[in-house]
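Welcome! Please open the sequence and the 3D view side by side, and let us walk through them together.

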Amino acid sequence: MHGTVTVVDKGTVRVHSYMAPDDSLNVTTQLIETPARVIAVDAQYALAYADEVVAYAKGLGKPLDRLIVTHAHPDHFHGAGRFGVPVHALAAVRDQIAAQGDGQDPTGAVIPAADITPTVEIVPGTEVVDGVPFLFEAFSGGEAADELVIRLPEHGVLVAQDLVYHDTHLFLGNNDLAGWQQAVERLAAEPSYDTVLAGHGLPAGPEVYEELRRYLADARELLGEDGEAYKKAITDRYPTYGAPFLIDIGNEYLFGARNA
């Protein structure tokens with residue numbers, strides 16, 4: 001296996017957090033194992049890594065129930081068709097994914113839009129799945145225009161995905177540092193969640209919020225008019241952080257043709 005799996009045992013729920021290698025931005029898929037089924041959250045960018053996740057999930061010996069896509073960035077939904085289950089998302093996220101059309105795997109293979117567009121709408125609120133309450137919460141602004149956060153209140157698990165990065169560089173292409181800072185404060189206001197699942201990086205605890213606060217403040221200080229200068233400054237300040245290519249992708253939106 002090329003990815004890294006971290007298992008968090010919460011009694012009647014176990015979380016299997018799959019983190020892709022650095023060459024695929026340390027993006028994560030969360031496999032939430034309930035007593036009788038597995039719920040997947042986000043689907044990887046590279047199809048090969050999505051296949052690794054699916055193979056691991058099948059090894060748990062329980063059926064995959066659904067795939068939940070939290071937001072409309074391709075590194076979280078390109079592999080959706082590999083899971084072979086209904087794809088769930090907020091209506092706004094579904095529409096944003098549909099508007100992008102076909103995708104493209106790093107190998108060059110075309111990913112048909114029909115394979116990756118969610119078909120089941122998530123309505124914010126609580127849904128009990130296999131006896132486990134899942135609290136679905138919509139966030140606007142920050143790392144993406146619209147994002148889904150999932151709370152498992154009985155187990156202290158917060159599936160934050162791309163509102164939280166852990167020991168990896170941040171993608172700033174949405175150009176909403178203030179919104180992201182507000183989202184972090186909103187998440188940090190509920191300290192009862194002792195397991196925080198990041199969209200990039202390994203699972204963390206509530207201490208990750210202070211790390212995010214610091215990085216976002218530094219980004220606000222360092223981000224000027226020159227993307228290369230920003231990348232050098234932020235990597236000098238965070239030399240051990242993974243996935244520096246996330247900075248390059250963000251810079252394309254902030255300074256390059258994608259921002260034109």
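Below is a short tour of a sheet, some helices and a few residues in a predicted model.

Let us begin with some background. Strands of a sheet pair through backbone hydrogen bonds, and they can do so in a parallel or an antiparallel way. Here, seven strands build an open sheet, and their order across it is S1-S2-S3-S4-S5-S6-S9, with mixed pairing. Which strands stand at the edges? They are S1 (4–9) and S9 (120–122). Each of these two has a single partner strand, so one side of each has no neighbour in the sheet. From one strand to the next, the twist averages 25°.

A helix also packs on this sheet: H2, made of residues 91–100, touches strand S6 (87–90) and strand S9. The direction of H2 makes about 110° with that of S6.

## Strand S2 and its partners

Now look at strand S2, residues 14–19, which runs antiparallel to S1 and is joined to it by six bridges. You can find two facing pairs here: Val-5 is opposite Tyr-18 in S2, and Val-7 is opposite His-16 in S2. The hairpin of S1 and S2 has four residues between the strands, and Gly-11 in this hairpin takes a positive phi near 85°.

S2 is also joined to S3 by six bridges, and this pair runs antiparallel too. Across it, Val-15 stands opposite Ile-32 in S3. Is S2 largely enclosed or left open by the rest of the structure? Five of its six residues are buried, so S2 is largely enclosed.

## Two helices side by side

Next, turn to the helices. Two packed helices are described by the angle between their axes and by the distance between those axes. For helix H4 (residues 177–188) and helix H5 (residues 208–222), the axes come within 10 Å and cross at roughly 165°. Angles over 145 degrees count as roughly antiparallel, and that is why H4 is described as roughly antiparallel to H5. Their crossing is left-handed.

Which residues meet between the two helices? From H4 they include Leu-177, Trp-180, Val-184 and Leu-187, and from H5 they include Tyr-209, Leu-212, Leu-216 and Arg-220. The residues of this contact divide into eleven nonpolar, one polar and three charged.

## Inside helix H7

Helix H7 covers residues 245–255, and its buried residues include Leu-246, Ile-247, Ile-249 and Leu-254. Asp-248, Gly-250 and Asn-251 of H7 are buried as well. What covers these buried residues? The cover includes strand S13 (157–165), strand S14 (195–200) and helix H6 (227–237).

## Two asparagines with a positive phi

Here is one last piece of background: most residues other than glycine have a negative phi. Asn-26, however, has a positive phi, near 55°. You will find Asn-26 in the loop between S2 and strand S3 (28–33). Asn-175 likewise has a positive phi near 55°, and Asn-175 sits in the loop between S13 and H4.

Are these asparagines buried or exposed? Asn-26 counts as buried because its relative accessibility is 8%, under the 20% cut-off. Asn-175 counts as exposed because its relative accessibility is 58%, over the 50% cut-off.

Technical notes: Residues numbered from 1 in each chain as written. Predicted model: local features only at pLDDT ≥ 70, side-chain atom pairs only at ≥ 80, totals over all residues. Heavy atoms only, no water. Pairing = 2+ DSSP bridges. Axes fitted to C-alpha atoms, helices over the stretch in contact; angles between N-to-C directions. Contact = heavy atoms within 4.5 Å. Parallel < 35°, antiparallel > 145°, perpendicular 65-115°, else oblique. Left-handed = near helix turned anticlockwise from the far one by under 90°. Nonpolar A, V, L, I, M, F, W, Y, C, P; charged D, E, K, R; others polar. Buried < 20%, exposed > 50% of the residue type's maximum accessible area, 1.4 Å probe, protein only.
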